[in-house]
Amino acid sequence: MTRPLGFTGNLLFRDSEKRGPDSLPDALADPRLRVCLLAERSFLTTGPDDAPDAFFDRAGAQALGADMAEAVLLGHRPGDGAPVVVATAPVPPEGTSGVRAMDLRGLAMSGVLKSDDEGTLGQAQHLLYWNRRTRHCGVCGGKTEAEAGGLRRRCTACGEMFFPRTDPVVIMLVHDGADRCLLGRQKQFAPGMYSALAGFVEPGETLEDAVRREVLEESGLTVGAVTYHASQPWPFPGSLMIGCFGRALGDEVRYDADELEDCRWFDRAEVRAMLAGTHQGGIGAPKPFAIASILIRAFAEGSVPG
């Protein structure tokens with residue numbers, strides 16, 4: 001069975017529209033409560049390396065110094081209805097028995113989490129980071145307080161309400177309609193890795209125009225037809241990756257060296273070798289948890305719209 005795309009397996013029932021002032025207190029008082037803990041930039045886990053558990057009961061979370069006053073309600077699990085929250089905690093002192101701090105990106109890349117747990121942790125990181133960064137009103141500068149279990153914040157001075165922000169990002173695999181696709185490489189990528197081009201959607205811009213603009217800016221290529229393929233939550237810190245295919249109208253690449261270290265065409269045989277880890281030049285593709293891998297694999301399998 002193919003592993004689901006990273007962070008897309010969240011099964012929690014969020015009940016966002018029906019939350020009230022008692023939603024979080026009721027959740028914290030529920031004996032079924034499960035808590036995930038973010039210590040600086042890592043989640044606390046227990047259990048073996050190949051099957052870590054990132055959820056604690058209330059007593060376990062408090063023993064690790066969880067700040068339950070700032071907890072965010074994520075939702076309720078299907079089946080048993082257990083409420084799930086995220087809270088901050090200090091990094092455990094060295095030698096704390098059985099508890100480790102593990103980075104979410106590393107957890108996702110390793111594929112050791114269950115898909116629904118990985119999706120829940122992605123939601124948790126996104127919401128907790130947003131709450132941290134929205135402590136003051138952008139209108140009057142007053143202090144904001146969380147409402148609805150952390151799904152919105154209200155200014156205590158002027159009453160302005162704020163809702164969690166999600167930044168749309170287009171990520172696109174450009175192809176020539178035949179046997180080649182365009183891949184680029186940024187300096188911070190892992191050695192040898194090439195990926196699809198990507199960029200933020202700008203205000204007043206459609207997804208199709210964002211694809212065309214980003215490709216032109218980064219590679220010098222003009223794109224015609226654009227088709228949507230899939231999307232992926234990306235909690236670093238809070239984006240939605242919108243995967244598309246774009247048909248190039250030319251083939252001369254003039255990439256922006258300030259944005260990319262390299263950008264060039266790859267034929268389908270090369271792409272298949274990249275995915276298999278057998279490329280003669282040592283070139284590789286993104287890990288399967290990333291939407292870029294899904295786009296590249298679709299091209300390799302010949303399932304890209306012409």
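Tutor: Strands S3 and S4 form a hairpin with six residues between them, and Gly79 in the turn has a positive phi of about 90 degrees. Strands are DSSP runs of E with at least two residues, and helices are runs of H or I with at least four, numbered from the N terminus. This is a predicted model, in which local features need pLDDT of at least 70 and side-chain atom pairs count only at pLDDT 80 or more, while totals for chains, interfaces and linings use all residues. Residues are numbered from 1 along each chain as its sequence is written, and side-chain values use heavy atoms, with hydrogens and water left out.

Student: In which sense do S3 and S4 pair?

Tutor: Two strands pair if DSSP finds at least two bridges between them. S4 covers residues 83-88, and His76 has Pro83 as its bridge partner there. Over four bridges, the sense of the S3 and S4 pairing is antiparallel.

Student: Why is strand S3 largely enclosed by the rest of the structure?

Tutor: Buried means under 20% relative accessible area, with a 1.4 Å probe and protein chains only. S3 spans residues 72-76 and is largely enclosed because the number of its five residues that are buried is four.

Student: At roughly what angle do the axes of H6 and H7 cross?

Tutor: Axes are lines fitted to C-alpha atoms, for helices over the stretch in contact, and angles run from 0 to 180 degrees between N-to-C directions. Helix H6 (residues 268-276) and helix H7 (residues 291-300) have axes that come within 9 Å. The axes cross at roughly 135 degrees.

Methods. Buried < 20%, exposed > 50% of the residue type's maximum accessible area, 1.4 Å probe, protein only.
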